[in-house]
Amino acid sequence: MAELARRKKRLAPAVMEEMIVRLCCERPLRLKELATLLERTPDGLRTNYLGKLVDEGKIRLKYPDQPNHPRQAYIGVKER
């Protein structure tokens with residue numbers, strides 16, 4: 001599923017966002033796992049995509065009351 005991100009170092013933001021959401025819908029993923037799957041830096045993902053996707057309600061935090069939880073993960077929100 002993340003093959004396109006690994007092959008291309010520059011993707012349109014909408015494509016990367018969709019890929020992140022789809023991956024997180026499969027199972028909860030931690031920041032480092034996402035970074036490894038997409039071959040991106042954790043800081044780059046956090047800064048450019050994850051905060052926006054959480055704000056838009058496309059993904060959610062596994063531990064929303066504890067943003068710095070050691071096992072924090074992102075979970076895809078399935079659209080109804």
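This is a predicted model: local features need pLDDT of at least 70, side-chain atom pairs count only at pLDDT 80 or more; totals for chains, interfaces and linings use all residues.

Modeller: What follows is a short walk through salt bridges, cysteines, a surface patch and some distances.

Colleague: Fine. How many salt bridges does the search of the whole structure find?

Modeller: Five. The criterion is a side-chain nitrogen of Lys or Arg within 4 Å of a carboxyl oxygen of Asp or Glu.

Colleague: Start with K52. Which residue does it form a salt bridge with?

Modeller: K52 pairs with E17, and their closest N and O atoms are 2.8 Å apart.

Colleague: Why does that pair tie together parts that are apart in sequence?

Modeller: Because K52 sits in helix α4 (residues 42-55) and E17 in helix α2 (residues 13-26), the pair ties together parts 35 residues apart in sequence. Helices here are DSSP runs of H or I with at least four residues; strands are E runs of at least two, and both are numbered from the N terminus.

Colleague: Is E17 buried or exposed?

Modeller: E17 counts as buried, at 10% relative accessibility. K52 is partly exposed, at 40%. Buried means under 20% relative accessible area, exposed means over 50%, and partly exposed is in between (1.4 Å probe, protein chains only).

Colleague: Which residues are linked with K52 in a network?

Modeller: Salt bridges link E17, K52, E56 and K58 in a network.

Colleague: And R46, what does its side chain meet?

Modeller: D43, in a salt bridge of 2.8 Å from N to O. R46 is partly exposed, with a relative accessible area of 41%.

Colleague: What about R27?

Modeller: R27 has a salt bridge with E33, and the closest N and O atoms there are 3.7 Å apart. R27 is partly exposed at 45% relative accessible area. E33 is also partly exposed, at 29%.

Colleague: Where is C24, and how covered?

Modeller: C24 is in helix α2. C24 is buried, with a relative accessible area of 1%. C25 is partly exposed at 24%.

Colleague: How far is C24 from Q66?

Modeller: Their C-alpha atoms are separated by 19 Å, and the two residues are 42 apart along the chain.

Colleague: Now the surface. Which residues form the positive patch?

Modeller: R30, K32, K62 and R71. Patch residues have over 30% relative accessible area and no salt bridge; like charges are joined within 9 Å, and nonpolar side chains (Val, Leu, Ile, Met, Phe, Trp, Tyr) within 5 Å. Lys and Arg count as positive, Asp and Glu as negative; His and the chain ends are not counted. A charge is placed at NZ of Lys, CZ of Arg, CG of Asp or CD of Glu. Areas come from the Shrake-Rupley method with a 1.4 Å probe, and for residues only the protein chains shown count as cover.

Colleague: Where does K32 lie?

Modeller: In helix α3 (residues 31-38). K32 is exposed, with a relative accessible area of 67%.

Colleague: Backbone next. What is the phi of E39?

Modeller: About 50 degrees, a positive value, although E39 is not a glycine. E39 lies in the loop between α3 and α4. E39 is partly exposed at 42%.

Colleague: Last one. Where is I75, and how far from L38?

Modeller: I75 is in strand β2 (residues 74-76). I75 is buried, with a relative accessible area of 16%. The C-alpha atoms of I75 and L38 are separated by 16 Å, with the residues 37 apart along the chain.

Terms used:
Residues are numbered from 1 along each chain as its sequence is written. Side-chain values use heavy atoms; hydrogens and water are left out.
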